[in-house]
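I opened this model to look up its chains, its domains and a few helices, and I kept notes as I went. The entries below follow the order in which I looked.

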Amino acid sequence: MKLGNKRWFAVFVGPTFIAFCIAFLVPFIMGLYLSFCEFRTVSDAQFVGLKNYISAFSENSDFLNSLWFTIRFAIASVISVNAIAFLLALLLTRGIRGTNLFRTVFFMPNLIGGIVLGYIWQLIINGILYNYGYSITSRATFGYWGLVVLMSWQMIGYMMIIYIAGVQNIPTAILEAARVDGAGAIRTLFSITIPSVMPSITICLFLTITNSFKLFDQNLALTAGAPLKQTQMLALDIYNTFYGRIGYEGVGQAKAVVFFVLVALVAVLQLYFTRSREVEN
Amino acid sequence: MLKKIFSFILCVSLILSLMLVTGCGDKSSAEVYFLNFKPESADVYQEIAQKYQEETGVSVKVVTAAANTYEQTLKSEIAKRGAPTIFQVNGPIGYQSWKKYCLNIENSDFAKLLSDDTLAIRDESGNGIYAVPYVVEGYGIIYNDAIMKKYFALSDKKVNIDSAEQITNFATLKAVVEDMTAKKDQLGIKGVFASTSLSSGEDWRWQTHLLNVPLYYEFASSEDFSDPTLAGLNAKEIAFRYSKNYQNLFDLYINNSITEKGLLGSKSTSDSMAEFAQGQVAMVQNGNWAWSQIKDVKGNTVAESDIKFLPLYTGAEGEENQGLCIGTENYFAINKNVSEEQQQKSLDFLYWLFSSDTGKDYVTNKLGFVTPFSSFSEQELPSDPLAREVVRYMNDNTKNTVPWIFTSFPSDVFKTEVGGSLLEYVQGNREWKDVETTVKSMWKSERK
């Protein structure tokens with residue numbers, strides 16, 4: 001079997017490329033087109049221009065409300081996930097007993113699906129709140145912090161693994177040199193460790209920010225937006241617009257396009273800023 | 001050598017996976033595809049489908065949408081190649097959304113089964129038949145007569161009536177319920193009413209069914225229309241004059257409930273049906289479809305002969321003669337866009353289900369439907385206690401049935417928003433007047 005480079009390219013990239021087209025590129029372009037259409041099911045679309053985009057913002061304030069809620073959620077969860085994951089990574093690279101066990105345990109929640117996690121945490125949180133005569137839907141803040149806790153619990157393990165890889169990659173020579181020069185633990189952390197794990201920080205921030213914005217299953221299972229859509233995030237709002245209202249499929253689609261642009265923009269900006277701070281070892 | 005084996009395996013797995021992808025498409029091409037609306041009947045429909053295939057060789061695929069997700073499921077299923085051939089619309093508003101997909105079945109044997117063809121859904125000019133109702137249902141307050149008898153036997157009861165049947169207005173109901181709450185330990189119950197379930201997707205008993213009563217009174221007094229549903233369909237705005245009555249009964253539910261107000265947001269309908277079935281409460285608002293949910297609960301203590309209905313009294317004038325809320329929101333439609341052969345097979349299936357002896361046996365005894373079809377004789381009625389009660393109320397000439405005017409509610413969003421505001425009201429974050437505003441403003445904005 002002797003094949004030229006081009007043919008090997010077809011063999012290796014072909015299947016993935018086809019899958020990428022079927023599962024991503026084609027639906028994406030279709031979605032873009034549909035956001036300018038009025039339709040009931042995807043096969044009976046009629047072009048209506050910018051109407052959907054206008055009513056996404058003007059019809060009611062759902063979209064903007066959920067955008068604001070999503071931003072507040074993203075800020076809290078990005079901070080909590082990354083801070084805790086980084087601390088755990090520092091702790092679990094010191095060679096304390098049971099390091100591997102801890103790493104595994106912290107990573108486990110990541111293997112459970114979002115819907116399941118949502119329901120589990122709903123039970124836990126309600127179980128606590130019941131004692132005080134509340135449930136998770138009683139106040140929007142309960143749902144908000146519930147989501148932050150849930151997100152943290154799920155993502156910390158994964159980010160921790162990435163940070164551990166980063167921390168372990170720091171050459172011991174540098175650390176020793178710092179110690180010889182008399183740098184304390186804090187100084188070493190800020191002058192050596194953090195600059196050296198910048199690539200990990202870039203990737204972790206990217207993952208947590210995009211995941212926070214795109215959060216859907218956990219939101220649906222934990223609160224489903226109750227009370228009165230006050231804990232409804234962007235993805236859930238889009239879903240509810242698309243499926244919950246007859247005649248609003250196009251509006252839902254328009255919201256989805258805006259959502260995509262927004263997430264892409266935030267992610268690119270973040271990548272640009274953190275990349276510029278990365279240093280070569 | 002190793003490389004060759006490796007590339008060979010790679011190629012084979014590639015080809016296999018491609019075949020798998022293409023293979024998926026045609027596997028599920030049943031001749032009749034029925035998208036079922038009623039989760040409580042999901043198992044029975046599977047059984048029926050199997051039986052039908054045994055008898056006729058025609059394969060029937062039944063898919064059941066989870067509670068409150070029918071519109072979503074239909075929307076995605078109907079766009080696929082193997083689209084549902086039989087689907088359901090929930091009345092005139094539902095027909096408006098799906099009319100592009102509804103076949104005119106006026107001349108089918110199935111549509112001719114209707115004993116009164118004015119029940120069917122026709123197009124704007126009143127021609128054709130596009131959807132056929134298949135079940136008549138009723139709802140009200142289901143009560144456990146054993147507990148009620150126990151209460152009425154108490155020597156220190158505060159009311160001067162001796163049976164639940166004598167409750168004929170809201171004032172009496174309220175007096176009885178509040179006295180029962182005070183004596184709940186004596187009665188061995190944890191609350192009079194089962195949980196007013198308000199978790200997401202579980203609030204339809206209040207935002208749709210209970211709201212039906214006050215709005216019925218409003219539409220019934222309309223001067224322009226004699227039919228309250230038509231009045232509702234044509235109402236651009238509502239005055240919500242019976243808001244107080246809506247609040248009356250709703251407050252009675254939540255103030256005499258088994259569950260604290262703050263926790264109602266996490267309760268589901270099946271929670272409340274279980275509470276009723278286990279004898280922890282005396283009353284629950286629901287319809288005759290809930291029989292399967294009562295019967296199948298573990299630790300069921302309610303005797304069949306003790307399960308009865310009370311109408312939804314809200315304190316409206318003349319409610320002494322008010323009966324149960326009886327109507328339908330379940331209409332079958334045939335998908336216009338599937339092949340003619342599939343359409344005919346679907347109609348044959350429905351005809352079989354509602355006219356053959358085997359089919360009718362399933363309908364009356366397993367599904368427990370009271371149907372609007374002439375093929376069912378007076379003896380062929382469901383034997384479950386709730387359906388019998390519905391029939392009893394229907395035949396009682398002294399009682400005025402409240403029709404299901406909620407089929408004229410402007411949209412699902414209207415209902416969801418009302419449900420959301422009820423939850424906020426229960427949790428103490430909103431006042432009743434906010435609920436009132438929501439009902440009025442959402443009606444106006446959703447009915448464009």
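What follows are my notebook entries on this model.

**Entry: ground rules.** I note that this is a predicted model, in which local features need pLDDT of at least 70 and side-chain atom pairs count only at pLDDT 80 or more, while totals for chains, interfaces and linings use all residues. Residues are numbered from 1 along each chain as its sequence is written, and chains are lettered from A and ligands numbered from 1 in the order in which they are written.

**Entry: chain B as a whole.** I took helices (H or I, at least four residues) and strands (E, at least two) as DSSP runs numbered from the N terminus, and on that basis chain B holds 18 helices and eleven strands. Its radius of gyration is 24 Å, close to the 22 Å that the globule rule gives for 448 residues, so chain B is as compact as a globular protein of that length; the radius is taken over C-alpha atoms, and the rule is 2.2 Å times the number of residues to the power 0.38. The C-alpha trace of chain B spans about 90 × 60 × 45 Å along its principal axes.

I then looked up burial, where a residue is buried if 20 or more other C-beta atoms lie within 10 Å of its own, exposed if 12 or fewer, and partly exposed in between, with C-beta atoms placed from the backbone. Of the 448 residues in chain B, 48% are buried. For contacts I used C-beta atoms, placed from the backbone, that lie within 7 Å; among those in chain B between residues at least 6 apart in sequence, 72% join residues at least 24 apart.

**Entry: chain A.** I find twelve helices and two strands in chain A, and along the sequence they follow the pattern α-β-β-α-α-α-α-α-α-α-α-α-α-α. The C-alpha trace of chain A spans about 70 × 70 × 35 Å along its principal axes, and buried residues make up 33% of its 281 residues.

**Entry: where the chains meet.** How many residues does each chain bring to the contact? I find 25 residues from chain B and 24 residues from chain A. On the side of chain B that touches chain A, the elements giving two or more residues are helix H1 (2-27), helix H3 (70-77) and H17 of chain B, and the largest share, six residues, comes from H17(B). By class, that side of chain B has six nonpolar, twelve polar and seven charged residues, where Ala, Val, Leu, Ile, Met, Phe, Trp, Tyr, Cys and Pro count as nonpolar, Asp, Glu, Lys and Arg as charged, and the others, Gly among them, as polar.

I stayed with helix H17 (residues 412-426) of chain B, whose 15 residues should span 21 Å and whose end C-alpha atoms are 21 Å apart, which agrees; the expected span is 1.5 Å times one less than the number of residues. Of the 15 residues of H17(B), 14 are buried, and the helix is followed by B:Gly428, whose phi is positive, near 80 degrees.

**Entry: domains of chain B.** Chain B is divided into domain 1 (28-136 + 328-376) and domain 2 (139-325 + 399-446), with bounds that come from an automatic or database domain assignment. The C-alpha centres of the two domains of chain B lie 30 Å apart, and their contact takes eleven residues from domain 1 and ten residues from domain 2.

Entry: Which residues of H7(B) are buried? I find B:Leu173, B:Val176, B:Val177 and B:Met180, and down the axis of H7(B) the buried residues fall within an arc of 95 degrees, so they line one face of the helix; the arc is that of the directions from the helix axis to the C-beta atoms. The partners that these buried residues pack against include helix H6 (145-152) and helix H11 (243-255) of chain B.

In H11(B) the buried residues include B:Tyr246, B:Leu249, B:Phe250 and B:Tyr253, and what covers the buried residues of H11(B) includes H7, S6, helix H9 (204-220) and helix H18 (432-446) of chain B.

**Entry: B:Phe276.** I located B:Phe276 in helix H12 (residues 269-277) of chain B, and with 29 C-beta neighbours inside 10 Å it counts as buried. Leaving aside neighbours within four places in sequence, B:Phe276 is in contact with residues including B:Ile142, B:Ala194 and B:Ile294; B:Ile294 is 18 residues apart from B:Phe276 in sequence and 7.4 Å apart in space, C-alpha to C-alpha.

Note on methods:
Two residues are in contact if their C-beta atoms, placed from the backbone, lie within 7 Å.
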